[in-house]
Protein chains: 2
Amino acid sequence: MPEQAVAGGKENSVETPVETTRERLLNVAEQRFGEGGYEGTSLRAITVAAAANIAAVNYHFGSKEALLRAAVARAMAPVNTERRRRLDQLEAKGSPTPEELIRAFIEPGLDLVLRRGDRGAVVARFIGRIAFDPSQRIRDLYAAESDPIEARYLAALQSALPHATPDSVAFGYVNMLGLLALHQSQALSRAPGLQDAEDSGKLAENLIAFLVAAFDRGLRA
Amino acid sequence: MPEQAVAGGKENSVETPVETTRERLLNVAEQRFGEGGYEGTSLRAITVAAAANIAAVNYHFGSKEALLRAAVARAMAPVNTERRRRLDQLEAKGSPTPEELIRAFIEPGLDLVLRRGDRGAVVARFIGRIAFDPSQRIRDLYAAESDPIEARYLAALQSALPHATPDSVAFGYVNMLGLLALHQSQALSRAPGLQDAEDSGKLAENLIAFLVAAFDRGLRA
DNA sequence: CTCCTGTTCAAACGACCGCTTGAACTATGC
DNA sequence: GCATAGTTCAAGCGGTCGTTTGAACAGGAG
């Protein structure tokens, strides 16, 4: 391991660990896949931007799709963690409202990710883009990372909306999922300008208010 | 023009006009682009399925992107026509409600297109897929076909929702646009089963109710 | 019949794709 | 020192991409 920069390494100052080839590949993959989608982005474009050799992708990940899978897993991990944490918290408190549940879903996807500067915006766009990639195969790959907590949200939403049928609760959930992804990918923001932290907060509040109203009064009785 | 089958031609019965190569290309392009997206679909896959030569694409359209543009224009034409017709009708009546406006937007996209059998489902999926293609270039191509009536809808929605700010009305509009496209592309229906006419009607009603609630009470005052 | 225009065809172009190979390089363990 | 395992590299594999070419084919007009 030439450049892993373990703690106390002599080559770099203590607080600037070297970005490994693997990390650079994941970072650039997030950016490029988020811009052009999976099919529209070549491994060569990624490796050139990451100052790495093409063979490095197959060495570190095995294939283009495996690189994408690793990037999705890494990007979704903190979002899923935060969502789980919030769900635990709400369930411990007991009887969460629809708004609390929606907020616990939306904010980790927008806030947590957009509030950390350019990198966060890149990650959000990546997730949003992959979630609705034209290829069913790629969408499934995202769904595999997102599904584990879906059942918990559905159950909690059903409890919070006893008047709504299970079908209509599921309908609301996929609408929430879809709208979040579209805003994450910035495909809905006509003005191409990137959102800063403040805008992202406003977006989150607007989206939550929109969804709360739809859940509260827009589902089949 | 070998096989145009003008009226009264002797080769085919009166009511079965021959499908020209150009039409076959557009039909198959709708289907394949709707399945795999623009980047994920090759001209060869299209021409093979259409029983046409690859060169026919460049002869009839000029390029792959021009084929897509022609397919989008053909698919959107009846939707735009119907939306314009409904808007005219509502405006002639005066003071349309938010629900009437939302219905006039959603139904031409789902109903009109899904109610005409398999072909309609293919067209709907095609439109929905292209509207949020990963490539900005392709999305713009769709937006160019969709934009002309956008201003009319925004103005009408603003009048019907005087309490909402212009920004929030625009926010609701893009959400409506996005949710419709996602349902059209069937990316939100987890069960991969194709929707028949009856299901499509239910979907339209559910989506309209969801959006009406969100517009009525989910926008910034 | 001959010309002419519109259409289809097989074949090939250069470019790029994801992936593999085998050697070179690098830090570490003995 | 030397062997070893981890990593990077230039080069090339077979295949597919969108596009182009020039010839063949088909009907209509003179």
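**Exercises on a predicted model**

**Exercise 1.** Work out what the side of chain A that touches chain B is made of.

*Solution.* Step one: count the residues. There are 29 from chain A in contact with 29 from chain B, where a contact needs C-beta atoms within 7 Å. Step two: look for the elements that give two or more residues to chain A's side. These are α9 (166-184) and α10 (197-217) of chain A. Step three: pick out the main contributor. That's α9(A), which supplies the largest share, 8 residues. Step four: sort chain A's side by class, and you get 13 nonpolar, 10 polar and 6 charged residues.

**Exercise 2.** Which residues come nearest to DNA strand D, and which element gives the most to the surface near it?

*Solution.* Begin with the 19 residues around DNA strand D: T21(A), A55(A), S42(B), A55(B) and S63(B) come nearest. Next, go through the elements. At least two residues each come from α3 (54-60) of chain A, and from α2 (43-49) and α3 (54-60) of chain B. The top giver is α3(A), with 4 residues. Finally, sort this surface by class: 12 residues are nonpolar, 5 polar and 2 charged.

Conventions:
Residues are numbered from 1 along each chain as its sequence is written. Chains are lettered from A and ligands numbered from 1 in the order in which they are written. This is a predicted model: local features need pLDDT of at least 70, side-chain atom pairs count only at pLDDT 80 or more; totals for chains, interfaces and linings use all residues. Two residues are in contact if their C-beta atoms, placed from the backbone, lie within 7 Å. Ala, Val, Leu, Ile, Met, Phe, Trp, Tyr, Cys and Pro count as nonpolar, Asp, Glu, Lys and Arg as charged, and the others, Gly among them, as polar. A residue is near a molecule or strand if its C-beta atom, placed from the backbone, lies within 6 Å of it.
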